[in-house]
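Please read it alongside the sequence and the coordinates.

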Amino acid sequence: MNIRTSVSLKNYTTFGIDVTAPRLIQINSVQDYRDYLKANPHSASQAMVLGGGSNVLFVDEPAFDLLQISISGISIEKQDDGTSFVRAGAGVVWHDLVMHTLDANLAGIENLSLIPGCCGAAPMQNIGAYGVELKDVFHSLEAIDRLTGELKTFSPQECRFGYRTSVFKEELKDKYIISAITLRLTDAEHAEVNTSYGAIAQTLGEIGADNPTPRDVSSAVIKIRESKLPDWKKYGNAGSFFKNPVIPDAQFEQLKEARPEVPSYPAGEGFTKVPAGWLIQHAGWKGARNGDAGTWPHQALVLVNFGKASGRELLALARNIRDDVEQKFGIHLEPEVNIIGLKHSDF
Ligand code: EPU
């Protein structure tokens, strides 16, 4: 365990907002957390888990301990049926795990290449991209009870995965710290790659992959992401700022009548998912700037810190976008990013 005081979080969150943590505690093992808990029972119950910092926006200076979960290690256990159990510590960088599994000739998470953040955060919001979600390959996870330090194993059912959510964002919010995840992946030669997401098939064509391998799909996803999404090391951002709203079919039919070109995805019986990026663009916010707070010119759903924007400035922009989309389309946008310093209902 390593404890540092008065640490700027600018380099610890992908939005690059310069707030100061009173204490930043690096947790390298389950035992580290138990030691921290024993010595700081009160602070431990208030502390915030930072992970890779890729899905948070600080709008105030934190007044609590920040825990950086740095539990490392990847292990692969091959099964006779052509699958493998891949276990990764919560602190492993997600994209490093993707590359490691491709090097080991395993398939299943290639569509999730280049998603920022660490493995421990992946199940929290059931990360997803290009037709695949974590839940599709998830086997189990281990998590530390924050108040007792005990370890508990969670099955997929117990994780209650949904679109960008899990039990750890709902009923069990702030109750557990994920310490390791286990995925079930398939030998690459037996795998069926998922190229259903429009842009992938097209990009595979461009790179000349006629019989795409999982590695080819990963390369295509990386190419698409790099062309559409800003590199947070250059332009602070936390990926999609809002969730794609799910609306009743009747409401969607009205929208489609007014705007026949609106893209959409089925979202279960009676509901349709509409891309928030499209709504934001067509409300006139694509590439909008207010000082250093703005939206990305190639993907309006991504809010960007173009330099020295504060959390409050980004929050103000997000609220203006939400209100304008609501006024123009009658559709309410919910943030996907965790806004720290606000109660969820205050957004
Ligand atoms: N669109 C626009 N204008 C924009 C952005 C998008 O018209 O400015 C349209 C696109 O043309 C397309 C549709 O909206 O028809 C969907 O856009 P895109 O494929 O870029 O995906 P998305 O729905 O905006 C979601 C995820 C991303 C994920 C991509 C690819 C959410 C909230 N976001 O974005 O995840 O990478 O699909 O699967 O579900 C993230 O969660 O941080 C994230 C980046």
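## Terms and model

Helices (H or I, at least four residues) and strands (E, at least two) are taken as DSSP runs and numbered from the N terminus, and two strands are said to pair if DSSP finds at least two bridges between them. The model is a predicted one, in which local features need pLDDT of at least 70 and side-chain atom pairs count only at pLDDT 80 or more, whereas totals for chains, interfaces and linings use all residues. Residues are numbered from 1 along each chain as its sequence is written, and side-chain values use heavy atoms, with hydrogens and water left out.

## The open sheet

Four strands, in the order β14-β20-β19-β18, form an open sheet with antiparallel pairing. Because β14 (236-240) and β18 (289-290) stand at the edges with a single partner strand each, one side of each is left without a neighbour in the sheet. Strand β18 is joined by two bridges to the antiparallel strand β19 (residues 293-296), where Ala293 stands opposite Asn290.

## Domains and their interface

The chain is divided into domain 1 (2-69), domain 2 (74-228) and domain 3 (236-346), with bounds that come from an automatic or database domain assignment. Between domain 2 and domain 3 the C-alpha centres lie 25 Å apart. Seven residues of domain 2 are in contact (heavy atoms within 4.5 Å) with nine residues of domain 3. The area buried between these two domains, that is, the accessible area (1.4 Å probe) that the two parts lose on being put together, summed over both, is about 690 Å², and carbon and sulfur atoms give 40% of this area.

Across this interface the rule finds one salt bridge, defined as a side-chain nitrogen of Lys or Arg within 4 Å of a carboxyl oxygen of Asp or Glu. The side chains of Arg164 and Glu336 meet in a salt bridge, at 3.8 Å from N to O.
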